[in-house]
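Biologist: I'd like to go through this complex with you, asking how you know each thing you tell me. Could you put it up on the screen first?

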Amino acid sequence: MERQIQKLFWFFAVLFLALIAQLSYVQVWAAPELRTHANNTRAVEREMRVERGSVVSSDGVLLAGNRKEGVYFLRDYPEGALVSPWLGYSSLRYGRSGLERAYNLELAGETDALVVRSYIDLLTGRPHRGADLVLTIDSRVQRAAVDALGGAAGAVVALDPRTGAVLAMTSSPRFDPRTLDDDWASLIEDESRPLVDRAVQGLYPPGSVFKLVVAAAGLEEGVVTPGTMFEDEGSWLAGGYRVSNNDGKVFGQHDFAEALTRSVNTTFAKVGVDLGADTLARYAADFGIGSAPSWRLGGASGSFPAPAGLDTAHVAQASFGQGEVLVTPLQMALVTAGIANGGTVMAPYLVAEVRDYSQTVLEKADPTRVNSPISEATAGEVRDMMVQVVERGTGTAAAISGVEVAGKTGTAQVEGGASHAWFVGFAPADDPVIVVAVLVEHGGSGGGTAAPIARAVLRAALER
Amino acid sequence: MTSRSKELLFLLPAMLLTTIGFAIVFVRQAEAFELSSLAPGAAFLGLFGLLHVARRLVVPAADPYLLPITALLSSLGILMIYRADPRLAAQQAVWLVVGSVAFVIVLVGLRRFERLREYKYLIGLGGIALLVLTMVAGREVYGARLWIRVGPVGFQPPEFAKLFLVVFFAAYLDQVREMLTVSTRRFLGVALPPLRHLGPLITVWGLSLALMIFLKDLGTSLLFFGTLLALIYVATARFFYVVVGTGLFAAGASVLYQIFPHVQLRVGIWLDPWQDPLGGGYQIVQSLFAFAAGGLFGRGLGEGYLHLASGSTIIPALETDFIFSAIGEELGLVGAVAIVLLYLVFVQRGLRVALRSHDDFARLLATGLTAVFGLQAFLILGGVTKLIPLTGITLPFVSYGGSSIVSNFCLLALLLVVSERAAGGDGRGSGGPAGAGAGTRVGSGAGARAGLTVDGRAESV
């Protein structure tokens with residue numbers, strides 16, 4: 001009988017060891033997978049009990065808040081799709097994007113500073129909630145940009161060139177965060193890609209707006225002055241590649257300033273070839289093309305081809321923004337802001353302040369210089385040339401009575417479709433407070449399609 | 001150190017756990033520390049202090065580890081029940097007091113447990129009656145018919161039937177074991193006992209299957225049959241019975257599997273709960289999520305995520321069947337393994353009592369009580385961790401439930417009485433000198449720890 005009792009004990013020992021093995025498997029080995037399992041709502045539900053911080057525009061309009069249902073806080077977006085491309089969404093089902101994702105720790109109240117605070121809250125009995133974001137976005141400028149762009153596919157970026165503060169940024173088509181969970185299936189299949197923020201993620205050939213970089217480089221390097229004379233015969237042969245003007249125009253005798261005003265491709269090709277691939281690439285990089293924005297929101301880097309791979313034909317092509325040059329609308333806004341700000345590019349930012357619920361400022365944006373690719377004098381020369389563009393050149397549709405507007409149009413040719421329409425500009429020209437970049441996909445001519453949109457945004461910003 | 005003082009020493013961790021545990025949970029909820037946060041710990045201290053004194057007086061030489069293990073399990077249990085639902089914790093506290101009273105009654109009333117042998121058929125019939133009562137009057141809860149109502153109080157007869165049947169089989173097997181080991185025929189080289197001796201056992205096999213059919217409860221059925229098989233094996237030393245018994249049970253179960261959809265459902269959920277994670281598989285899937293949330297060290301007492309917005313627990317029946325999932329979430333793998341090991345130590349101590357006993361009835365009784373306790377713990381622990389198909393039975397001393405608490409306190413008391421006898425004590429009354437050490441009494445006891453070989457083996461268990 002003793003032997004059997006001992007065997008019975010070993011039988012139980014085996015049973016309980018199997019239990020321990022199973023526990024180890026579930027709690028350690030398989031735990032990461034189980035914690036993130038699609039049916040596991042624990043993390044989400046836990047999060048829903050914390051009142052997520054709100055997001056407000058600089059002029060106090062609530063862009064993201066919460067509505068309470070029982071003990072849960074559900075994310076609410078009172079302005080709908082107004083700022084959805086970059087504000088993103090915080091969905092229980094589909095996670096987060098945009099600022100909701102980039103600032104999740106602050107909004108959820110989980111940054112190191114807020115964790116200390118939450119502990120204090122616990123002791124003092126106050127409810128814990130996430131931090132609020134105060135943006136640089138001005139709802140009036142934002143609305144003007146959204147309305148002006150309308151249903152056209154494209155993007156608008158408006159910022160203060162002196163600080164880099166983004167005043168308006170939109171992308172179309174976009175999504176409505178209030179109905180995201182229901183729309184998801186159609187949103188991800190939609191070929192117009194409404195979940196992509198074209199302003200910071202969309203890569204486009206810049207076309208003639210890139211001439212600003214070439215002009216800045218040429219003037220800064222002393223290759224040309226605004227008064228340098230050129231002869232245009234309608235086309236120019238560069239390394240076996242025939243450069244021609246838009247619509248086959250022939251401009252004849254003109255100076256360099258006139259070349260920008262009329263957007264003469266042959267002249268810019270000549271200046272670009274004179275500068276050479278290395279110098280051109282350096283200026284493109286100094287203006288920020290090829291590097292992603294430094295903010296937490298991320299974005300595409302754009303590209304200027306490596307100088308080693310550029311023969312004369314490609315240099316000539318790149319000089320008027322065709323070929324392999326790719327930029328985002330935000331990058332073109334920053335190039336323009338560099339010129340508007342006397343040659344200094346400021347880092348863009350969207351979040352002015354992070355505040356806790358007692359309105360104590362936890363984090364404040366500090367305008368940061370990124371680079372100074374050109375001198376103030378050169379910037380002034382480019383600006384004067386850009387004023388001519390709006391006064392009597394390709395960009396007259398951006399003119400505002402009583403205010404001097406500087407700008408540049410772009411009509412970027414794309415294979416198999418109408419050209420992309422570009423306009424970049426700023427106002428007032430002598431003391432710029434607003435820079436705008438507009439892109440309309442397959443919009444035709446920059447002066448015809450993009451310039452009026454830019455004008456509406458500039459006006460809204462100036463009228464604040 | 002005497003075994004009694006040892007017990008007092010080992011009771012300390014349980015007291016500390018309850019006191020600190022409740023204090024932590026209270027402070028978490030009230031966000032402030034109050035002196036009343038220590039009250040449950042103090043009450044527990046008092047209760048188990050009294051139990052210790054009762055044991056000290058009635059069965060001074062009994063095993064010193066069983067009561068502290070019980071204290072640890074029940075203190076952790078009431079703590080987790082409090083986390084699930086504070087109102088139920090208050091009721092559980094009442095049940096613990098009732099259980100303690102039952103413990104003392106059994107301890108005192110059954111000091112001469114040998115007399116149970118004389119009433120074995122009455123006890124066996126009582127056990128069957130309890131089960132029949134459940135079959136007839138039972139209400140279905142979570143698909144199993146285990147409850148009957150007595151006035152305002154829910155009552156789970158199978159929890160008590162298990163004790164009755166263990167006592168009956170221990171006594172019955174003690175009587176017939178000689179006959180059962182007699183081999184008259186050999187078949188394929190295996191010695192076969194006369195078939196008529198299998199009769200009573202086949203009757204019990206039928207009872208187990210009837211339980212599965214009428215109570216719709218695989219767990220209780222498995223528990224009874226497994227315990228019986230263990231007893232037969234120990235009584236006869238014939239592995240043959242285990243093979244035949246397992247075969248019979250497997251055959252019966254597979255037939256029932258074909259017939260009853262709820263059995264198929266249970267097994268299907270066990271094989272792949274992810275098929276229907278919001279329906280049939282919900283409980284087990286959420287249980288696994290809870291264990292995963294706990295990880296290695298757990299989220300901490302009071303930090304687990306146990307409730308939905310509505311206030312109900314995420315896992316239905318958290319306070320009973322799934323109490324271990326909450327422990328796994330709040331105390332992690334470390335805490336969960338500690339619980340498993342506590343049950344294993346309980347089983348080891350229980351079987352040690354069996355080994356040290358001097359007569360067969362005592363041995364079989366201790367074995368049966370320990371087996372039913374260990375098997376019940378394993379069935380539910382394995383169920384909620386998806387090691388085996390889930391069956392709805394309680395985790396002894398930890399789960400919420402009056403029947404479970406009271407019956408397991410009776411089981412403990414009976415085991416201690418047997419232990420006292422095994423250790424050479426005769427269960428003296430309260431008048432005996434408490435100072436006498438266990439060792440001296442053992443030496444002077446009748447039969448005195450018998451053969452050294454038995455003792456040597458006992459130590460190895």
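**How do you know?**

Modeller: Let's start with chain B: of its contacts between residues at least 6 apart in sequence, 71% join residues at least 24 apart. Keep in mind that this is a predicted model.

Biologist: What is chain B built from, and how much of chain B is buried?

Modeller: Chain B has 16 helices and five strands. Buried residues account for 51% of its 461 residues.

Biologist: How confident is the predictor in chain B?

Modeller: The mean pLDDT of chain B is 80, and 80% of its residues reach 70 or more. In residues 428–461 of chain B, though, the pLDDT is below 50, and this stretch still has 40 contacts in the model beyond near neighbours in sequence. As for the complex, the predictor gives an ipTM of 0.86 and a pTM of 0.61.

Biologist: What makes B:Tyr343 buried?

Modeller: Just count. A residue is called buried if 20 or more other C-beta atoms lie within 10 Å of its own. B:Tyr343 has 25, so it is buried. You'll find B:Tyr343 in helix α12 of chain B, residues 323–356.

Biologist: And which residues does B:Tyr343 touch, not counting those up to four places away in sequence?

Modeller: B:Tyr343 touches A:Phe16, B:Gly374 and B:Ala377. Its C-alpha atom is also 8.7 Å from that of B:Phe378, which is 35 residues apart from B:Tyr343 along the chain.

Biologist: Why does A:Arg262 count as buried?

Modeller: The cut-off is 20 or more. A:Arg262 has 20 C-beta neighbours inside 10 Å, so A:Arg262 counts as buried. A:Arg262 sits in the loop between α12 (256–261) and α13 (265–286) of chain A. Leaving aside neighbours within four places in sequence, A:Arg262 is in contact with A:Phe251, A:Gly393 and A:Thr394. The C-alpha atoms of A:Arg262 and A:Phe251 are separated by 8.4 Å.

Biologist: Why is A:His442 called partly exposed?

Modeller: Partly exposed is what falls between the 12 or fewer of an exposed residue and the 20 or more of a buried one. A:His442 has 15 other C-beta atoms within 10 Å, so it is partly exposed. A:His442 lies in the loop between β19 and α17 (446–462) of chain A.

Biologist: What is phi of A:His442 near?

Modeller: Phi of A:His442 is near 50°, a positive value in a residue other than glycine. Most residues other than glycine have a negative phi. B:Lys386 also has a positive phi, near 65°. B:Lys386 is found in the loop between α13 (360–384) and α14 (402–422) of chain B. With 21 other C-beta atoms within 10 Å, B:Lys386 is buried.

Biologist: Which peptide bond is cis, with omega near -5°?

Modeller: That's the one from A:Ser172 to A:Pro173. A:Pro173 is in the loop between β8 (166–172) and α9 (180–189) of chain A. The bond from A:Ala427 to A:Pro428 is cis as well, with omega near -15°. Most peptide bonds are trans.

Biologist: How do you know that the end-to-end span of α9(B) agrees with its number of residues?

Modeller: At 1.5 Å a residue, the 21 residues of α9(B), 239–259, should span 30 Å; the end C-alpha atoms are 30 Å apart, so the two agree.

Biologist: Which residues of α9(B) are buried, and why are they said to be on the same side?

Modeller: The buried ones are B:Tyr241, B:Gly245 and B:Phe249. They cover an arc of only 50° around the axis, which puts them on the same side of α9(B). The face turned away from that buried side carries exposed residues, including B:Phe239, B:Gly247 and B:Gln258.

Biologist: Last topic: how many residues does the contact take from each chain?

Modeller: The contact takes 33 residues from chain A and 43 residues from chain B. On chain A's side, the largest share, 19 residues, comes from α1(A). By class, the side of chain A that touches chain B has 20 nonpolar, nine polar and four charged residues.

Notes:
Residues are numbered from 1 along each chain as its sequence is written. Chains are lettered from A and ligands numbered from 1 in the order in which they are written. This is a predicted model: local features need pLDDT of at least 70, side-chain atom pairs count only at pLDDT 80 or more; totals for chains, interfaces and linings use all residues. Helices (H or I, at least four residues) and strands (E, at least two) are DSSP runs, numbered from the N terminus. The expected span of a helix is 1.5 Å times one less than its number of residues. The arc is that of the directions from the helix axis to the C-beta atoms. Two residues are in contact if their C-beta atoms, placed from the backbone, lie within 7 Å. Ala, Val, Leu, Ile, Met, Phe, Trp, Tyr, Cys and Pro count as nonpolar, Asp, Glu, Lys and Arg as charged, and the others, Gly among them, as polar. pLDDT is the predictor's confidence in each residue, from 0 to 100.
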